[in-house]
Amino acid sequence: MSFILEILLMGLVMLFGSYITPGVEVNGFGSAILAAVLIALANATIGFILRILTLPLNIITLGLFSFIITVLMILLVDSMMTSFNTSGFWAAAILAIVMAVIKMVFGGLANSRS
């Protein structure tokens, strides 16, 4: 049950993040959920492999390169979907920051209620 709630929450975060972020468009809640799931899958598979391969660079940059990999996964999903569009790298980077902040706030609220 919590997995379904997590997917719905990520869809809401993606939809809200697209409204806040200039240069990012999502065509509806269903597309936002699909984009969020695809970004999560890309981060879990391709992103994980890239993080292992770039571990020395990630250590040198104190984790900043991991953020760049997340932005690249957003751009990958953007190229796969027609209902989710970003205008470039910087729009995807701002979306990643907005999504991380919103998810952190919702996670903090969920943990405080438990």
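Visitor: In which helix is Leu8 found?
Guide: This is a predicted model. Leu8 belongs to a nonpolar surface patch with Phe3, Ile4, Leu5, Leu12 and Phe29. The element that holds Leu8 is helix 1.

Visitor: Is Leu8 buried, partly exposed or exposed?
Guide: Buried means under 20% relative accessible area, and exposed means over 50%. Leu8 has 34%. That value lies in between, so Leu8 is partly exposed.

Visitor: Which residues form the aromatic pair, and how is the pair classed?
Guide: One aromatic pair turns up in a search of the whole structure. Phe89 and Trp90 form this pair, 5.4 Å centre to centre. Their planes are 85 degrees apart. Planes over 60 degrees apart count as edge-to-face, so the Phe89 and Trp90 pair is edge-to-face.

Visitor: With which side chain does the side chain of Ser83 make a polar contact?
Guide: Ser83 sits in the loop between helix 4 (64-80) and strand 2 (84-86). At 16% relative accessibility, Ser83 counts as buried. Ser83 touches Glu25, Val26, Asn27 and Ser31, leaving out residues up to four places away in sequence. The polar contact, at 3.0 Å, is with the side chain of Ser31.

Definitions and conventions. Residues are numbered from 1 along each chain as its sequence is written. This is a predicted model: local features need pLDDT of at least 70, side-chain atom pairs count only at pLDDT 80 or more; totals for chains, interfaces and linings use all residues. Side-chain values use heavy atoms; hydrogens and water are left out. Patches are made of residues with over 30% relative accessible area and no salt bridge: like charges are joined within 9 Å, nonpolar side chains (Val, Leu, Ile, Met, Phe, Trp, Tyr) within 5 Å. Accessible areas come from the Shrake-Rupley method with a 1.4 Å probe; for residues, only the protein chains shown count as cover. A salt bridge is a side-chain nitrogen of Lys or Arg within 4 Å of a carboxyl oxygen of Asp or Glu. Helices (H or I, at least four residues) and strands (E, at least two) are DSSP runs, numbered from the N terminus. Buried means under 20% relative accessible area, exposed over 50%, partly exposed in between (1.4 Å probe, protein chains only). Rings of Phe, Tyr and Trp (its six-membered ring) pair if their centres lie within 6.5 Å; planes under 30 degrees apart count as stacked, over 60 as edge-to-face and the rest as tilted. A polar contact is a pair of N or O atoms within 3.5 Å; within protein, one must be able to donate a hydrogen and the other to accept it, and residues adjacent in sequence count only if both atoms are side-chain atoms. Contact means heavy atoms within 4.5 Å.
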